[in-house]
Amino acid sequence: MKFLDQAKIFIKSGDGGAGCVSFRREKYIEFGGPNGGDGGKGGSVYFEAVPNLNTLIDFRYHQHFKAPKGHNGMGADKTGPKGEDIVVKVPVGTEILADDQETLIVDMVEPGQKFLIAKGGDGGRGNTQFKTATNQAPRYAEPGWPGQEIWVWLRLKVIADVGLLGMPNAGKSTFLSVVTKARPKIADYPFTTIHPNLGVAWVDGYEMVLADIPGLIEGAHEGTGLGDRFLKHIERCYALLHLVDATLDDVAGAYKSIRRELELYDAVTAAKPEVVALNKCDALTEKEIAEKQRQLEKAAGKKVFVMSAIAKKGVWECLREVSRYITRDRAQQEELPITKQIEAADKPWSPV
C-alpha cells in the first residue's frame with residue numbers, strides 16, 4: 001500500500017428539508033386547518049479514528065464528502081426523515097487542520113475517537129407552525145437551513161515508540177529490517193527511504209514500535225531534501241535512536257548537523273531522550289572504532305553504543321537502552337486519566 005501522509009478534502013453537511021404547506025381535508029370538516037409537517041434535519045459529517053489504517057492514500061481518489069439533505073415535510077403533520085450522517089475514517093494520529101494548514105481543529109489520537117466536523121442544517125418549519133389566532137390558514141413554510149461546508153487538511157503523524165534518526169545511508173532501514181519483520185527498501189545510495197516505515201520489535205518480552213524516517217540533511221527544518229515533511233513523524237515518539245555512519249570521516253560533525261536540524265525544527269522533539277549508536281562498525285578496525293567512538297561521545301556528551309546492523313552486533317544492547325525510556329514513559333502515561341472520546345454532538349467546530 002502506498003504511503004500518503006497529507007491530503008486536502010472538502011466536507012459538506014446536508015441541507016435541511018423544506019417545511020410543507022398542507023391543509024387537513026376530511027369529509028364533513030369544512031375548515032380543517034393547516035397540517036404541514038417540518039422538514040428533516042440534514043446529515044452531519046464526523047471524523048473517526050480507526051486503528052487498522054496507516055495511510056491517507058484513499059483521500060487521493062475520494063476528496064469530496066457530502067452528507068445527504070433532509071427530506072421535505074409532509075401532510076398530516078409528518079416530519080421529513082433525517083438525512084443520513086456520514087463518517088470519514090482516518091488513521092489514528094491524524095491531525096485535522098483548517099484550510100490555512102496552521103489552525104488545528106482536532107488531533108485524532110485515540111482509536112474510536114469521533115469528532116463532529118460539520119453539523120447538518122435544521123429542517124424548515126411546516127405551515128402548522130405559523131398558525132395564529134389571526135392567521136388560521138397560513139400558506140407559508142420555511143425552506144431548510146443550509147448545511148456547513150469546509151475545506152480541511154489531513155496530516156498524519158505516525159504513532160511509534162522510537163524514532164530512528166540519522167543522515168541518508170546511515171543504515172536505519174537495515175537496522176529496522178534486522179530487529180523487526182518490516183522489509184523496507186535497502187540500497188547503497190542516499191534517500192533509499194522516501195517514506196516512513198514502521199516495525200515492531202520485542203525486547204525482553206516487551207513490544208516496541210520503531211519508525212524509520214527518510215534521512216536528514218542540512219536545512220531539513222526548512223524543507224531541504226525530504227525536509228520537515230517527515231520530521232513530524234517522530235514528534236509523538238517517546239525516545240530517539242540516532243544512528244551515525246562509522247565510515248564517515250567526521251562522525252561528530254554528522255551528529256551535530258542532525259541535532260542542529262532537530263533543534264531548529266522543534267525544541268520539544270529535540271529534548272526527547274536520545275540513544276546514540278555508531279553503526280557500520282564491521283567496516284572498521286578496532287583502533288578506528290575506538291577513535292570515532294571517542295569523537296562521537298565528546299560531541300554527544302553521552303555514552304555511544306558501537307554496533308553493526310548488517311552483522312547483527314551490538315543491536316540488542318541499543319534496543320534495551322531505548323526500551324528503558326519507553327517503559328518509564330508508558331508507566332507515567334498509565335497513571336494519567338484516560339482521555340475521553342471527543343464528541344461534539346451539538347456544536348461542531350467553527351472557525352469563528
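This is a predicted model: local features need pLDDT of at least 70, side-chain atom pairs count only at pLDDT 80 or more; totals for chains, interfaces and linings use all residues.
Two strands count as paired when DSSP finds at least two bridges between them.

**View 1. Where Asp245 meets its partner across two parallel strands.** Asp245 stands opposite Asn279, a residue of β13. The two strands here are β12 and β13 (residues 274–279), and they run parallel, with six bridges joining them.

**View 2. Strand β12 and its other neighbour, β9.** β12 also pairs with strand β9 (residues 162–165), again in the parallel sense, this time over four bridges. Look for Val162: across from it in β12 sits Ala239.

**View 3. Strand β12 from end to end: how many of its residues are buried?** Seven of the seven are, counting residues 239–245, so the strand is largely enclosed by the rest of the structure. Both faces are covered. On one side you'll find Ala239, Leu241, Leu243 and Asp245, and on the other Leu240, His242 and Val244, all of them buried.

**View 4. Asn35 in its loop.** Asn35 belongs to the loop that connects β1 (6–12) with β2 (45–50). Is this residue buried or exposed? It counts as buried, because its relative accessibility is 11% and the cut-off for buried is under 20%. A polar atom of the Asn35 side chain lies 3.3 Å from the backbone nitrogen of Phe23. Setting aside residues within four places in sequence, Asn35 is in contact with Ser22, Phe23 and Arg24, with Met74, Gly75, Ala76 and Asp77, and with Asn127 and Thr128.

**View 5. Glu321 on helix α7.** This view moves to the helix spanning residues 315–335, where Glu321 is found. Val275 is 46 residues from Glu321 along the chain, yet their C-alpha atoms are separated by 7.3 Å.

**View 6. Zooming back out to the whole chain.** The protein chain has seven helices and 14 strands. It is made of 352 residues, and 48% of them count as buried. Take the contacts between residues at least 6 apart in sequence: 74% of these join residues at least 24 apart.

Technical notes
Residues are numbered from 1 along each chain as its sequence is written. Side-chain values use heavy atoms; hydrogens and water are left out. Buried means under 20% relative accessible area, exposed over 50%, partly exposed in between (1.4 Å probe, protein chains only). Contact means heavy atoms within 4.5 Å. A polar contact is a pair of N or O atoms within 3.5 Å; within protein, one must be able to donate a hydrogen and the other to accept it, and residues adjacent in sequence count only if both atoms are side-chain atoms.
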